[in-house]
Amino acid sequence: MRTLTARKAFLKSLPVMGGYVVLGMGFGILAHNAGYGMPWVLAMSLLIYAGSMQYVGIGLLQGGASVLITAVTTVMVNARHLFYSISMIGRYKDTGKYKPYLIFALTDETYSLLCDGKAPEGTDPDLFCFLVSLFNHCWWVTGSLAGALLGGVLPFSTAGIEFSMTALFIASFTEQWITMKDHLPALTGLFSTLACLLAFGPERFLIPAMLVITLVLTLLRNRTAAGREAAS
Amino acid sequence: MSTASHSAVLVTVMSAVTVLLRFLPFLVFRKKIPAYITYLGRVLPPAIIGMLVIYCLKDTAVTAAPFGAPELIAGALVVALQAWKRNALLSILSGTAVYMLLIQLVF
C-alpha cells in the first residue's frame with residue numbers, strides 16, 4: 001500500500017512539478033542576479049516555501065527593508081494562506097504525525113491539489129497528502145537551486161523573467177474566472193486594489209487594498225453566491 | 001543590498017510569519033468555525049488573486065512609452081491560452097517567454 005500511495009502521490013504532483021521547477025528557477029535566477037546565491041536560495045525555498053513571497057522577499061532583502069516592513073508585507077502577501085488553512089481544518093484534523101508538515105507545506109499549488117479532500121482508492125489518505133506536499137516541496141527547492149546555479153551561466157539575458165510571477169497570477173485568475181460562477185469576489189479584488197493603487201501610490205497601497213477588499217466582501221455578503229448559500 | 005546578518009534576520013522573519021499564518025487557523029478554530037470566517041474563506045481567494053495581479057503590475061509605466069504594451073500583450077496571451085488550453089504551465093511559460101522577447105528585442 002505504501003508503494004501504491006507513493007506512486008499515486010508522485011503522479012498527482014507532476015503538474016505542479018512543471019510549474020514549480022519553472023517558477024523556482026525564475027526565483028533562483030532573480031535571487032542570483034540580486035547577489036543572493038545558493039545558500040540564500042536554499043534557505044528561502046526550504047524555510048519560507050511561498051513562491052510569491054520569495055519573489056517579493058528578494059526586493060526586501062535588496063532594499064534592506066526593516067523587520068517591521070518585512071513582517072507586515074509577509075502578512076499581506078501571504079494572508080490568503082489563512083483561508084487555505086481554514087478550509088483544511090476538517091481534512092487535516094486527524095492526520096497525527098503528518099499534521100505539522102501538512103500545515104507548513106500548504107502552498108497555493110498544494111492546496112489546489114488536495115483541497116477536494118479525495119485520495120485515490122487503495123492508498124493511505126494521510127500518507128498520500130503528506131507525500132504530495134513533500135514532492136511539491138522538493139520540486140520547488142530543486143527548481144530554485146537550479147535557477148541559482150544557472151543564473152550566472154545562461155547564454156541569454158534573463159531580463160523579464162520576473163514576469164513569470166505575474167503570468168502565474170493571471171493564469172490562476174483566469175482559471176478561477178472560468179470555474180467560478182460568481183465573479184463578484186474576483187472583480188472586488190481587482191477593482192478595490194486598482195482604486196487603492198491610484199489613491200495611495202505603488203509603495204503603500206497593499207494594506208489599504210486588503211482592508212477595502214475585506215470590507216466590500218463583508219458588505220456584499222448577501223449578494224455573493226457564497227454568502228447566499230451560507231444564509232439559506 | 002543589506003548586510004548578510006540583516007538579510008538572515010529578514011529571511012527568518014518571512015519564514016516565521018508565513019508559518020504562523022498557516023498554523024493560526026488550526027490553533028484558533030479548534031472546534032467550530034464561525035460562518036463569517038467560512039464565508040471569507042470562500043470569497044477571499046479569488047479576490048486576493050486579483051489583488052496580486054495588480055500588485056505585480058504596479059510599477060508598469062502607463063504614461064510613458066511603451067505605455068505598458070509588453071505587459072498588456074503578454075498578459076492577454078496568458079489569459080487567452082489559459083481560457084483555451086486550461087494548462088497553467090503552458091500559459092505561464094509562453095507569457096513569460098513573449099514578455100522577455102518583447103522587452104529585450106522590441107521595446
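The model on screen is predicted, so local features need pLDDT of at least 70 and side-chain atom pairs count only at pLDDT 80 or more, while totals for chains, interfaces and linings use all residues. Residues are numbered from 1 along each chain as its sequence is written, and chains are lettered from A and ligands numbered from 1 in the order in which they are written.

**First stop: helices 2 and 8 of chain A**

Helix 2 covers residues 38-47 of chain A and helix 8 covers residues 125-150 of chain A; their axes cross at roughly 160° and come within 9 Å. Helices here are DSSP runs of H or I with at least four residues, strands are runs of E with at least two, and both are numbered from the N terminus. Axes are lines fitted to C-alpha atoms, for helices over the stretch in contact, and angles run from 0 to 180 degrees between N-to-C directions. The crossing of helix 2 and helix 8 of chain A is right-handed, a crossing being right-handed if the near helix is turned clockwise from the far one by less than a right angle, and left-handed if anticlockwise.

Next, display the side chains of the contact. Helix 2 of chain A contributes Met38(A), Val41(A), Leu42(A), Ser45(A) and Leu46(A), and helix 8 of chain A contributes Trp140(A), Val141(A), Ser144(A), Leu145(A), Ala148(A) and Leu149(A). Two residues are in contact if their C-beta atoms, placed from the backbone, lie within 7 Å. By class, this contact of helix 2 with helix 8 of chain A holds 9 nonpolar, 2 polar and no charged residues. Ala, Val, Leu, Ile, Met, Phe, Trp, Tyr, Cys and Pro count as nonpolar, Asp, Glu, Lys and Arg as charged, and the others, Gly among them, as polar.

**Second stop: helices 3 and 4 of chain A**

Select residues 51-63 of chain A, which form helix 3, and residues 67-78 of chain A, which form helix 4; the two pack at an angle of about 155° with their axes 10 Å apart. Helix 3 of chain A is therefore roughly antiparallel to helix 4 of chain A. The crossing of these two helices of chain A is right-handed. Ser52(A), Met53(A), Val56(A) and Leu60(A) in helix 3 of chain A meet Thr70(A), Thr73(A), Thr74(A), Val77(A) and Asn78(A) in helix 4 of chain A. This contact of helix 3 with helix 4 of chain A divides into 4 nonpolar, 5 polar and no charged residues.

Chain A has 12 helices and 0 strands. Its C-alpha trace spans about 55 × 55 × 30 Å along the principal axes.

Now select chain B, which has 4 helices and 0 strands. The C-alpha atoms of chain B fill a box of roughly 55 × 45 × 30 Å, taken along the principal axes. The mean pLDDT of chain B is 89, and 98% of its residues reach 70 or more. Among the elements of chain B, helix 3 (residues 69-85) has the highest mean pLDDT (96) and helix 2 (residues 35-56) the lowest (83).

**Last stop: where the chains meet**

Show both chains together. The contact takes 73 residues from chain A and 62 residues from chain B. On the side of chain A that touches chain B, the largest share, 15 residues, comes from helix 9 (residues 163-179) of chain A. That side of chain A divides into 45 nonpolar, 25 polar and 3 charged residues. The model scores ipTM 0.86 and pTM 0.75.

Note on methods. pLDDT = per-residue confidence, 0-100. Parallel < 35°, antiparallel > 145°, perpendicular 65-115°, else oblique.
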